[in-house]
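User: I would like to go through the terms used for this model one at a time, and to see each value set against its definition.

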Amino acid sequence: MKTFIISILCAISLSVSAMPIPEEPELVFAKSSGVYNTTLRLKHHDDNRKVKMYWYAINALDVYTTYNGLRQNGNLYEANPALPDRPSLSQLILHKALMFSFYNRYFDFTQSDYRHLNLVLTGVVINNHSLYN
């Protein structure tokens with residue numbers, strides 16, 4: 001079941017990172033010289049919310065797969081130099097919370113940035129999962 005969920009997340013991440021911003025036609029009526037002209041414009045929708053929701057979900061899965069891997073296999077260690085070799089769950093969660101705070105304060109990520117980060121982090125989660133299975 002876990003492999004299925006990881007596979008689905010990978011597929012979603014790849015499709016979200018490659019998906020263009022959806023466009024919806026918008027009909028605009030403009031009055032010019034007493035005559036109404038009808039034009040068709042493309043209106044861009046911001047699907048940034050979906051991308052950010054995936055960002056938070058994949059980060060939670062990173063904590064989950066890291067913690068389970070460290071708990072189930074004594075030979076594994078955390079590769080992040082900012083954390084100890086075998087961090088506790090509270091250390092992993094605190095690290096993510098501090099990083100979220102840092103990112104939100106000092107960086108203005110675009111939707112494209114989040115898509116790329118999501119793709120990389122999905123790879124990390126898949127690697128974590130494969131190491132302890």
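User: What makes up the largest nonpolar core?

Analyst: In this predicted model, the largest nonpolar core consists of eight residues, namely Val51, Tyr54, Trp55, Ile58, Phe100, Tyr114, Leu121 and Val125. The term stands for a set of buried Ala, Val, Leu, Ile, Met, Phe, Trp, Tyr and Cys residues that are joined through side-chain atoms within 4.5 Å. Helix 2 (48–72) and helix 4 (111–132) each supply at least two residues of this core, and helix 2 gives the most, with four residues. Helices here are DSSP runs (H or I, at least four residues), numbered from the N terminus. Residues are numbered from 1 along each chain as its sequence is written. Local features need pLDDT of at least 70 and side-chain atom pairs count only at pLDDT 80 or more, while totals for chains, interfaces and linings use all residues, and side-chain values use heavy atoms, with hydrogens and water left out.

User: Why is Asn59 called buried?

Analyst: Asn59 has a relative accessible area of 4%, and buried means under 20%, with exposed over 50% and partly exposed in between (1.4 Å probe, protein chains only); Asn59 is therefore buried. Asn59 lies in helix 2, and its side chain reaches the backbone oxygen of Trp55 at 2.7 Å. Not counting residues up to four places away in sequence, Asn59 touches Lys96, Phe100 and Leu121, where contact means heavy atoms within 4.5 Å.

User: Why is the pair of Phe102 and Phe107 called edge-to-face, and how is the pair of Tyr103 and Phe109 classed?

Analyst: Rings of Phe, Tyr and Trp (its six-membered ring) pair if their centres lie within 6.5 Å, and planes under 30 degrees apart count as stacked, over 60 as edge-to-face and the rest as tilted. The structure holds eleven aromatic pairs. Among them, Phe102 and Phe107 lie 5.7 Å centre to centre with 70° between the planes, and are edge-to-face. Phe102, at 37% relative accessibility, counts as partly exposed, as does Phe107 at 42%. Tyr103 and Phe109, at 5.6 Å centre to centre and 55° between the planes, form a tilted pair.

User: Why is Arg71 called exposed?

Analyst: Arg71 has a relative accessibility of 54%, and therefore counts as exposed. Arg71 is in helix 2, and a polar contact of 2.6 Å joins its side chain to that of Asn68; for such a contact, a pair of N or O atoms must lie within 3.5 Å, and within protein one must be able to donate a hydrogen and the other to accept it, while residues adjacent in sequence count only if both atoms are side-chain atoms.

User: How many of the residues score at least 70 in pLDDT?

Analyst: The share is 65%, and the protein averages a pLDDT of 76, pLDDT being the predictor's confidence in each residue, from 0 to 100. Over residues 15–23 the pLDDT is below 50. Where pLDDT is low, the predicted coordinates should not be read in detail.
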